Amino acid sequence: MNFTISSPANAVIGRYNLILQVISGNKIFSRFLGQFVLLFNPWCPGDAVYMANENERQEYVLNENGIIFVGNAKYIEARGWYYGQFQDDLLNICLTMLDLSLYYRQDPAIDVARRGDPKYVGRVISSMINGNDNDNGVLLGKWQGSFHSHENPSRWDGSVVILQKWRQDNYKPVQYGQCWVFAGVMCTVLRCLGIPTRLVSNFNSAHDVDRNLSIDKYYDSSGKSLNIGKDSTWDYHVWNESWFIRPDLGTSYNGWQVLDATPQEQSK
């Protein structure tokens, strides 16, 4: 006897146990057949992450190598980065990441029920890539001071060793990361789960902390700069965009969605 199983396009991603149960009269026979993993599927037209262009699927889902642009507007440097989303045990690490999140720990049933929604999964992963929320995040950020006791962020050239070290250290944040490192690891995890993802670099990048959409600088009557406010402009910043539809906002918002794992403030 042959069985064919078809999952709904919006099914929850993750590990599934497959059990065969036969009822005969008053007797019930059960047999464990195995386990499988269900992921988002950019090749499936009914999936929220469906990407119609095959070249784009090859680039934003299947490509394990990429370039991250860093530096400043007058001197842009291209860094090679190995995403390695299909390397051994990376999928298990990524699925474990979902189960370690604060969302899962606070309410496992609701969290798992929402894992068919790429925007929800994207937010959970964005929070878990950094250790800023006391949630066993992957990376600890550091932008100044000495790096002699741990890894200088500029020496990382791929995600695999970072994620493997995170697991080997019993899911304690790896030290240290900066924006391009957070974005590179985030890209690896989302591509591994089947969500098309890319990196975006922005130069002369405004960092507005008081949410008034302006960068404010203050001076006294003599023209001396005052140390008021924390708005700033960075040489560059790197974040991610992931491809999925937005039924909550309307079709005009379908497509590339911004996700930023760099921990400047706690996740909300």
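Trainee: What does H7 lie across?

Mentor: H7 lies across S7, S10 and S11. The helix runs at about 5° to S10. Keep in mind that this is a predicted model.

Trainee: In what order do the strands of that open sheet come?

Mentor: The order is S7-S10-S11, and the pairing is antiparallel. S7 and S11 are the edge strands, each pairing on one side only. On average, neighbouring strands of this sheet are turned by 35° against each other, direction ignored.

Trainee: What holds strands of a sheet together in general?

Mentor: Strands of a sheet pair through backbone hydrogen bonds, in a parallel or an antiparallel way.

Trainee: And how many bridges join S7 to S10?

Mentor: There are 10 bridges between S7, residues 197-207, and S10, residues 232-244. Two pairs you can look up: phenylalanine 203 stands opposite tyrosine 236 in S10, and leucine 199 stands opposite asparagine 240 in S10.

Trainee: How many bridges for S10 and S11?

Mentor: Those two pair over 5 bridges, in the antiparallel sense. S11 covers residues 255-259. In S11, valine 258 is the bridge partner of glutamate 241.

Trainee: Let me pick a residue. Where is histidine 237 found?

Mentor: Histidine 237 is in strand S10.

Trainee: Is histidine 237 buried or exposed?

Mentor: Histidine 237 has a relative accessible area of 6%. The cut-off for buried is under 20%, so histidine 237 counts as buried.

Trainee: Which side chain has a polar contact with the side chain of histidine 237?

Mentor: That of aspartate 260, at 2.7 Å.

Trainee: What else is histidine 237 in contact with?

Mentor: Leaving aside neighbours within four places in sequence, the list for histidine 237 includes Cys179, Val200, Ser201, Asn202, Ser205 and Thr262. Asp260 is in that list too.

Trainee: New topic, helices. At what angle do H2 and H5 pack?

Mentor: At about 90°, with their axes 10 Å apart. An angle from 65 to 115 degrees counts as roughly perpendicular, so H2 and H5 are roughly perpendicular to each other.

Trainee: Which residues make the contact?

Mentor: H2 brings Met97, Leu98 and Leu100. From H5 come Val121, Val124, Ile125, Met128 and Ile129.

Trainee: How many of the residues in the contact of H2 with H5 are nonpolar, polar or charged?

Mentor: That contact has 8 nonpolar residues, no polar and no charged.

Trainee: What about H6, which of its residues are buried?

Mentor: H6 is residues 160-168, and the buried residues are Val160, Ile162, Leu163 and Trp166.

Trainee: Last one, the whole protein. How many helices and strands are there?

Mentor: The protein has 7 helices and 11 strands. Of its 268 residues, 40% count as buried. The C-alpha trace spans about 95 × 45 × 35 Å along its principal axes.

Trainee: And how do the contacts split by distance along the sequence?

Mentor: Take the contacts with a separation of 6 or more: 63% of them are between residues 24 or more positions apart.

How values were computed: Residues numbered from 1 in each chain as written. Predicted model: local features only at pLDDT ≥ 70, side-chain atom pairs only at ≥ 80, totals over all residues. Heavy atoms only, no water. Pairing = 2+ DSSP bridges. Helix = DSSP H or I, 4+ residues; strand = E, 2+ residues; numbered from the N terminus. Axes fitted to C-alpha atoms, helices over the stretch in contact; angles between N-to-C directions. Parallel < 35°, antiparallel > 145°, perpendicular 65-115°, else oblique. Contact = heavy atoms within 4.5 Å. Nonpolar A, V, L, I, M, F, W, Y, C, P; charged D, E, K, R; others polar. Buried < 20%, exposed > 50% of the residue type's maximum accessible area, 1.4 Å probe, protein only. Polar contact = N/O pair within 3.5 Å; in protein donor to acceptor, adjacent residues only side chain to side chain.
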